[in-house]
Amino acid sequence: MKKIAFLWGILFAVTLLADTATPPQLLPKRIEQSPKIDANLNDPIWQEATTIADNFTTFEPVFGKTPAQKTEVKVLYDNQAIYIGAMLYDIEANKIAHPLCSRDALLSANCDLFVVGFDTYHDKQNAFRFEVSAAGVQGDARLSPNNSDWNWDAVWESKVAIGDKGWVVELKIPYSALRFPKKNLRTWGMNFVRYIQRHNETSTWSPINPNINGNVNQWGHLTDLANIEPPLRLVLMPYLATYYYNTPETDGSNTTYNNSYSASGGLDLKYGINESFTVDMSLIPDFGQVQSDNTVINLGPFEVRYNERRPFFTEGTELFNNGNMFYSRRIGGQPINYYNVYDQLSEGEMVEHNPIQTQLLNATKFSGTTKKNLGIGVLNAIGAPTFATIRNETTNETRRIETAPLTNYNVLVLRQNLPHNSSIGFYNTNVWRSGSLYDANVSMIDTRLVGKKNTYAFNASAKVSQHYETNQNIFGYNTYVGYSKISGKWRFDIGNEMVDNKYNHNDLGLFTGNNYIGNFVGVKYMDFKAKKHLNSWNASLGLNYNFRYQPFDYQRFNLNPSVNFNFSNFWSMSIYGNVTPFKNNDFYEPRTPNRNFVRPRFYYAGFWIGTDYRKKLATTFWGGLADSANPNDMYYEGGMETTWRVNERLNVIGSVNATKDFSNYGYVNTTDDGTIMMGRRTINTVDNWATIQYTFTPRMNINFRARHYWGKVSYYDFHALQENGTVVLDDGYTQNHDSDFNAFNIDLVYSWEFSLGSRLNIIWKDVISQFDELGDGSYLDNINRTFNTPASNTITVKLLYYLDYQRMQNWYSKMSNRRS
């Protein structure tokens, strides 16, 4: 152990080594009268700009070249906002791509684009990003080293105009949309980005060298911003929502539909406590308008991770998402005793109502960064007690069973940014439940240290989990240490993770196993020098060698090779694999402590091909196959996704993915005598979805999405798991575990931003979920059965109004001046 510690110490010392090319600088002009945001740079105020950013360098498809078209950018500022005026020259102005799309969808919209970013704390790690397409569609994000927030939305102004010489974009970014320290004279990090769709060319004002790790650390400087004051940031967003429900009830062969209505209201609040910290609060949160989940059949030992779609938990949460400790869907998720209700039924009783989600009473976020670059974040939410209703079918009497008590969820983050993209942080998640149910707490300290040359990085973390139960306090531990070469053509990673058999962060995180020692070594070669048929390519090889922690035992060894190509015709391709050359011990599939299932040698190869996405019709193909040492154990997968840009307003996207596993072994159940039964089965899945997007204006669009998923499981035979991890055929086991699962969803969303920050949403949801325990029929039979299954329908109308203190104050001042 001393030798290992000494080796890590040497690697840490090598990490701390000095800096690269001097980035460009721009001196903005302070003005007394603000320009009109109309995409007209002939305004005399713009002539006051003393310096121009015009020396751009290509980033993609090839780094370091002169861009195909010239770009000039000017910057002004006053007491209220910073203003950007850009002239994006184009000698073929009629070819400027300007399709419409929804807000924040610009990266996939296939349009010409202009981007400005501000590193307001000048820490070379975190930044604000604002982007505008040639059609005037806005997008914005908050950038951070590990968890950039692409769901963050600010309120700002922009205007574009296409002319004979190219296109013009004008932006007004109010200081209320930013956070920055209070200083008399300050320098911000800054960069400008231009994307020309027909050339697939991205160029930047401050060069972003792909051989150097990081983005914001390579930005230029906006210097000598004098005497700007962070404004009072206070925003109220009251909302009203109405719901119509059409729910089927089936009694034998008869189906009736119940119609019901409900209404709700609430308030979202954003308040800037000072120049650096903001409180976001949601009183009586309403998330009924979010997109349906892509539900799938799950046969594994751990739950499936679903994407978070609730705005409160996707916006401004980048500080909370480090360390893989926080899974926001735990908040307001399924009640902890949801399934226990069915074990408490007496004879003649039935479950009349069992809510699948917990109602939140409120949710609050507090976040910001101090002058010394200490990031502080607190997220807190309170879940109301949840009850299932039980009805006696004979007496018609009802009773309630508590499925979730009053619960408080809390996340605390302290993260100190250090020079050279380094940091050290403390994280804590806590779940408190009233009553006799256990409480849970997880804490972590982690650090990332990067050398002055931005070439090597050292990472380490230590986590402690605690479960508080009656007269019992269970502790668990998780540690990680890693060393990486992060810049240059050749890069590598070395890492070790140890997780004991009691570590568990599942109460506010997503648990995917414990009790292991994981070792990883990876090497990667990256070539960004353009060749005749290639713009760039890279290849990598990863090696994983894992052991069980306690009792110590071999678990798994596997290799992961991959190679990726970006061709000069703007097609791309990846080839990848997974090789497990030896038998491995699966300690999770048996669902029983200290038992294992021996899996055979395994080989997988896959590919991915993408066509030129500048075209109106673009397609991505993928596929893979696998085999193992077991006979007839083949696995196939394949699919494609096609995007058809019909015109500048209408996009159609469709996807299909199918898999077939011919001889999959998995856990079935544990019999009364303690025998663990494993089944050999065929698994078929087909996942189809289609999206139709029509954009009326940059602030009004309609989006239709339909998805059908089918999963079928058919068992060949059943086997008893032996103590040594092998299986023995059991002809006496006759239970049927075949199944078919179908899920069909429609989400139709109309969205209109009728005023800056204010929105009207109308949503229709159609949901069908059908499960057949017999697993009969083909894919087409299941489609027919699905569409003959009664569907639940919901129509929601939600109105949210944006009230900004600064805008109201400016309006009041103008009205007062007119009266005088």
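**Notebook: first look at the protein chain**

I started with the surface: the accessible area of the protein chain is about 39200 Å², with 55% of that on carbon and sulfur atoms (Shrake-Rupley method, 1.4 Å probe). I kept in mind that this is a predicted model, where local features need pLDDT of at least 70, side-chain atom pairs count only at pLDDT 80 or more, and totals for chains, interfaces and linings use all residues. Residues are numbered from 1 along each chain as its sequence is written, and side-chain values use heavy atoms, with hydrogens and water left out.

Next I checked burial: 49% of the 820 residues are buried (under 20% relative accessible area, 1.4 Å probe, protein chains only).

I looked up the fold elements and found four helices and 44 strands (DSSP runs of H or I with at least four residues, and of E with at least two). The radius of gyration, taken over C-alpha atoms, is 29 Å, close to the 28 Å of the globule rule for 820 residues, so the chain is as compact as a globular protein of that length (the rule is 2.2 Å times the number of residues to the power 0.38). The C-alpha trace spans about 90 × 65 × 55 Å along its principal axes.

Then I looked at charges: there are 76 positive and 78 negative side chains, and the centres of the two sets lie 10 Å apart (Lys and Arg against Asp and Glu; His and the chain ends are not counted; places taken at NZ of Lys, CZ of Arg, CG of Asp or CD of Glu).

Methods:
Buried < 20%, exposed > 50% of the residue type's maximum accessible area, 1.4 Å probe, protein only.
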